[in-house]
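Here are my notebook entries from an afternoon of looking things up. Have the model open beside you while you read.

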Amino acid sequence: MIEVFSWWFLLELIGLAVLPIALRFFRNLPDRGYAFIKPLGLLLIAYPFWLLTTFGFLTNTRGAIALVAILVALASWWYAGRAQSNHVSRITHHASPVEWLRSNFQLVLVTELVFTIAFFAWAIVRAYMPEITATEKPMEFAFLNGVLQSETFPPRDPWLAGYAISYYYFGYIIVGMLTLLSGVAPSIAFNLAIALMFALAATGAYGLAFDLIHNSKFKIQNSEFRIPNSEFIFPLFAPLFLLLIGNLEGFFESLHALGIGSREFWEWLDVKQLADATVTHSLAPQDNWWWWRASRVIHDVALGQTQEVIDEFPQFSFLLGDMHPHVLALPFVLLALALALNLLNSKFVIHNSEFDFANYELRTLRANYEFILLPLILGGLFTLNSWDILPYGFILIVAFAIARYRASDGWDARATRDAIVFTLALGIASVILYLPFYIGFQSQAGGILPVLFVKTKLHHYFLMFGLFVFILGAFIAHRLVRQNQSLVNAWANVARFVAFLIAIPLTLALIAFIVFAISPAVRASASAAIIDEFALLAAFFGPLRNDPWLFIVLIIFLSAIFVLLRANIARGDDAPEALAPHEFDASAVFVLLIAFVGLFLTFGSEFAYIRDQFGTRMNTIFKFYFQAWTLFAIASAFAVFYLARLLTGIARGAWFFALALLLGASVVYPAFAIPNRAEDFRNAPTLDGIAWIRQINPGDYAAIQWLNTNAPRGARIVEAPGNEYSYGNRVSMATGLATPLGWAGHESQWRGGSAFFKNDAAGIDRAADVARIYQTSAAKNAPSTV
């Protein structure tokens, strides 16, 4: 396990390298960004390394990475010394980094314990399920090895020789950077990276919850509720909700395994394959990979045919062990949320038609230096997992707008101008900073299409998000009751907001109606059941008419949050004891904002999806539900603290009893799924993800090891194209040496169609040429273009 210690120590050094920047940049947060120093350090080192290597100023070597890391550390600590020696530190009352660490020892200790325990614990879990096989792990391992085989960037695609990876690859560059720095074998680094992302996400979630709770106006110590160090204990709900619990499907798996419930009930519940699963009369389900069904709770049936829908949540993703972009991006998503909370806590000073505010004085050179971190982090989300940039960018922009609005206690022309300038500057800079990535990036995304024939059933939604719906529902209801008098003006606008929500599907339907009517190409590609424009409308609205309950519930939730946001942004009289008329609780507003965005993501996926080669909303549900889970988890952690403080008597006891039941039901999934996935911990632990190849095919393993030792960096091999999710392409996967064609279906997804590699820019049909190489006995007859 020495590799685990080496990565842990390396991350500690990376965090310390950028500590002064974090303390300065996140100065509006109670923990000064300490929980985020490690992902921030990874980004601040990886970005210049990637950029300089892309332009050829550096090569992809351990020495180059170390050089960049040292320069970043020197710049960071030089900046700390410079700030300490001038008026900045005196004005903002900031101690030096060393003094801050000393005076906040308890916070630092708890935060480091969260990181260390999470990292080592999940590394142990991964050691009992390390195999890089099945699902998309071979693809992700190929990407990592492709990065390691690349002298410069963009990194080489091991499954399409001669081309760069056309995918969100920045996370693999970060993992590759750590692999080279530590000297760990890539097959071990793969599993360490999954444990690391788990630990960074746990730490980020804890830090966000700590900041929200510590900064909240609801810290009233009443006689009924006293917990020592509660500001350190309650934030633990955030990593618990985000990473450890499962959805409620796991609880129903146990009920079915016990034989509880009629056949009719299980068919009504309609979780794919659950009704036919084996009844073992034991609490723990026993059938192979039963835990997979929790990621397929949403069951779409269109015209009698089941459509695949993915509804992953973090515990499932980390249990599965795919090093997929949505997993690699999770710590940086939380970093972006910390940015937004930091913005929301900023204090504007309006003067002479201009504005300054404590964190981003955009009119000064120093402010430009700090502002650049915003697009650096936000823009990085697209290169990590492109789906993340819009929701988290929206949260950042709204946080800025709220802070700006509060500065002048109203919205005027100057506030509008400032919000527009900020949005444009953030968006443009986010693209420009990562322009080399965009130049070579291709995607299967092809616009937005309406969701036809299907809608999510309400009980499926509750199976997925039931715990969060309960917690946030109680939080919203409590605030509505307490703030009844201050909501009069806000309620007057709710009708317009509901009309806006209803207008979303109506507008989509109108656009689809018009496009279908005027475009022969669209009509030709439509389902055979869509015979005309009115059949299209029936396919769009029919499922909603037959099952409107989720639509109604989401409109109620979104409208209630809208009302609360309007009231709480404009007023501050929402604490249990009277506050000043304009005292502002940024924590409560932030929680309402991220809950709203999470709900809206699930609302929108009922009516539209991002078009891709699958032709369904599978990936849209997958990405949006994962984002919603993240937002709900952070919001719910604060809500538990809030309700623990403000509920009294029987109401508190009843609510916490119900919470305990739902939380217990949510813990069933990891309690039984982890041992099942680890085969009851029977096998000897190892973090080597390709050790299984040595066991089943020693010859393949020996060939892979020989190539890793002797093949020149960047060499090419010829390997027969493998079937998707199969043992095929194992050599290119495990070495990163490029072969003419790997998983053809995935290459088609990444590059917008199979025509690319069937007749690529050089006119090569790669699969046919590889077949000729294997089938000819004369070298002169083998194609020379592969």
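Helices (H or I, at least four residues) and strands (E, at least two) are DSSP runs, numbered from the N terminus. I number residues from 1 along each chain as its sequence is written, and side-chain values use heavy atoms, with hydrogens and water left out. This is a predicted model, where local features need pLDDT of at least 70 and side-chain atom pairs count only at pLDDT 80 or more, while totals for chains, interfaces and linings use all residues.

**Entry 1: Trp266**

I started with Trp266, whose place is in helix H14. Is Trp266 buried or exposed? I found it buried, with a relative accessible area of 5%; buried means under 20% relative accessible area, exposed over 50%, and partly exposed in between (1.4 Å probe, protein chains only). Not counting residues up to four places away in sequence, Trp266 touches Phe252, Leu255, His256, Ile260, Gly261, Leu274 and Ala275 (contact means heavy atoms within 4.5 Å). I also looked up Asp276, 10 residues from Trp266 along the chain: the two C-alpha atoms are separated by 8.9 Å.

**Entry 2: helix H13**

Next came H13, residues 249-258, which is largely enclosed by the rest of the structure because 8 of its 10 residues are buried. Those buried residues are Glu249, Gly250, Phe252, Glu253, Ser254, Leu255, His256 and Ala257. What do they pack against? I get helix H14 (263-269), H23 and helix H31 (649-677). Just after H13, Gly259 takes a positive phi of about 90°.

**Entry 3: whole chain and cores**

I stepped back to the totals. The protein chain has 37 helices and 6 strands, and 58% of its 786 residues count as buried. Among contacts between residues at least 6 apart in sequence, 77% join residues at least 24 apart.

Then I looked for nonpolar cores, meaning sets of buried Ala, Val, Leu, Ile, Met, Phe, Trp, Tyr and Cys residues joined through side-chain atoms within 4.5 Å. The largest has 248 residues, and those with the most contacts inside it are Trp7, Phe241, Ile395 and Phe465. Helix H10 (residues 186-214) gives the most to this core, with 21 residues. Apart from it lies another core, of 5 residues, including Phe516, Ile530, Leu536 and Ala539.

I followed up on Trp7. Leaving aside neighbours within four places in sequence, Trp7 is in contact with Phe119, Val175, Leu178, Thr179, Ser182, Val184, Ala189, Leu192, Ala193 and Leu196.

**Entry 4: two helix pairs**

(Ala, Val, Leu, Ile, Met, Phe, Trp, Tyr, Cys and Pro count as nonpolar, Asp, Glu, Lys and Arg as charged, and the others, Gly among them, as polar.) The axes of H1 and H7 come within 11 Å and cross at roughly 150°. Axes here are lines fitted to C-alpha atoms, for helices over the stretch in contact, and angles run from 0 to 180 degrees between N-to-C directions. H1 and H7 are therefore roughly antiparallel to each other; angles under 35 degrees count as roughly parallel, over 145 as roughly antiparallel, 65 to 115 as roughly perpendicular and the rest as oblique.

How do helix H23 (residues 458-482) and helix H28 (residues 549-570) compare? Their axes come within 11 Å and cross at roughly 30°, which makes H23 roughly parallel to H28. The residues of this contact divide into 14 nonpolar, 2 polar and 1 charged.

I kept one general point in mind: most residues other than glycine have a negative phi, and most peptide bonds are trans.

- Thr135 has a positive phi near 45°; it sits in the loop between helix H7 (105-127) and H8 and is buried, with a relative accessible area of 13%.
- Trp289, also not a glycine, has a positive phi of about 60°; it lies in the loop between H14 and strand E1 (300-302) and is partly exposed, at 29% relative accessible area.
- The peptide bond from Phe153 to Pro154 is cis, with omega near 10°, and Pro154 lies in the loop between helix H8 (137-148) and helix H9 (170-182).
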